[in-house]
Amino acid sequence: MKRIFLLLLALLPLLVGAQHTMFRPAQEWTDTEGRHINAHGGCLLQVGDTWYWYGEHRPYRGFTTEQGVVAYRSHDLMNWTPCGVVLAVSEAAGSPIERGCIMERPKVVFNASTGKYVMLFHLELKGRGYAAAQVGFAVSDSPTGPFTFLRALRPNAGRWPTEMRQKDIEVAQQQDGGDCECEWWTPAWRKAVRRGMFTARDHEGGQMSRDMTVFIDDDGKAYHITSSEENLTLHLNELTDDYLDFTGRYHRIAAGGQNEAPTLLKRNGTYWLICSGCTGWNPNEARMFSAQDLWGDWKQHPTPCRGEHAKTTFGGQGTYIFRMPDGRHVFMADVWNPRHLSESRHIWLPITFEDDGTPVVTWQDEWK
Ligand code: GAL
């Protein structure tokens, strides 16, 4: 009897899907049903003793969104059970989230004052490539949805960044068609970008928003950090207290620096922003910035990555940093497979800190 019981116990992982006991960055990562986890550009959220992993459900062929945003749940962060689609594409022609749109980098946060789960995501409209550059909002009473789509927009229409004074605004307005000859990538063009040429161009209709993350500060205030201005400049956008809209207060970070894939952590009063350069699906060297205040000044540091392939962020591109209840942080990245996006892999690595507080992400083939 005991033998049969032990045998059954040994076979259990095969019957219910293999149990993972280690993290193996960039290896295939199967869910409890034995399928590779199809949740990319994602984030984690802890609710009680359960973790939720949200991400882009990607097709095997092509790159548009055919299903929506999915979630998985886990109690140990290694073994994930699919919860299905939590924000579904719409079947209605003309809907901003019509099947065939592109939903990327979903971030779900809980708003303690309203009791709602709020999702922000990068949205591209069907048939328009990456031209729309909008951010979508969705809300749910439950972490597993269904999330209700609220709206999509370009942030901060009619607003100027907090740091731009009247004089700076006039200079920015003069750039487009003014003293800039506007041939892309020339030194004069770069200068015009830094001075806010695209901020001025998009002032009326709203600022572009592509790769993004959401960060909740200790006081519960939420911020949306996004790649704006043709992916040339990051914007820090303040969210309203219910997290369902922008307040109109925003700040430009590293103007003209071509940063995307933003991730953010706060430790001992310092904010650390880890992002990537702009090379599409191809990996590049991570960039890092720090600030004592989210509204600046931001100072650039070398990449936090160490070890083999550190120069290409180990073949990945950051998507989120999550904090364990005990204060440890984990860096999450995507290893994109543009031929078969659904098979893109995941890199999770612990973040350690040097004596002066600088984050370090060291490659490990496997870890616990
Ligand atoms: C990357 C970006 C991804 C996706 C991709 C599309 O630069 O980080 O989220 O938008 O481009 O080519």
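Which strands each supply at least two residues of the lining of the largest pocket? They are strand 1 (40–47), strand 5 (102–111), strand 9 (212–216), strand 13 (260–267) and strand 18 (317–323); strands here are DSSP runs (E, at least two residues), numbered from the N terminus. Keep in mind that this is a predicted model, where local features need pLDDT of at least 70 and side-chain atom pairs count only at pLDDT 80 or more, while totals for chains, interfaces and linings use all residues. Residues are numbered from 1 along each chain as its sequence is written, and side-chain values use heavy atoms, with hydrogens and water left out.

**The largest pocket**
- About 740 Å³ of space lies in this pocket.
- Among its 29 lining residues, Phe215, Ile216, Tyr320, Ile321 and Arg323 are the closest to the centre.
- Strand 13 gives the most to this lining, with 5 residues.

**The ligand**
- Around the ligand you'll find Glu104, Arg105, Tyr130, Asp211, Glu260, Gly280, Trp281 and Gln317, each with a heavy atom within 4 Å of it.
- Ligand oxygen atoms make polar contacts (pairs of N or O atoms within 3.5 Å): one is 2.6 Å from an N or O atom in the side chain of glutamate 104, and one is 3.0 Å from an N or O atom in the side chain of glutamine 317.
- An oxygen atom of the ligand is also 3.3 Å from a polar backbone atom of glycine 280.

Technical notes: Polar contact = N/O pair within 3.5 Å; in protein donor to acceptor, adjacent residues only side chain to side chain. 1 Å grid on protein atoms, 1.4 Å probe; cavity = no way out; pocket = protein on both sides within 12 Å on 5 of 7 lines; lining within 4 Å. Points joined across faces, edges and corners; volume = space filled by probe spheres on them. Helix = DSSP H or I, 4+ residues; strand = E, 2+ residues; numbered from the N terminus.
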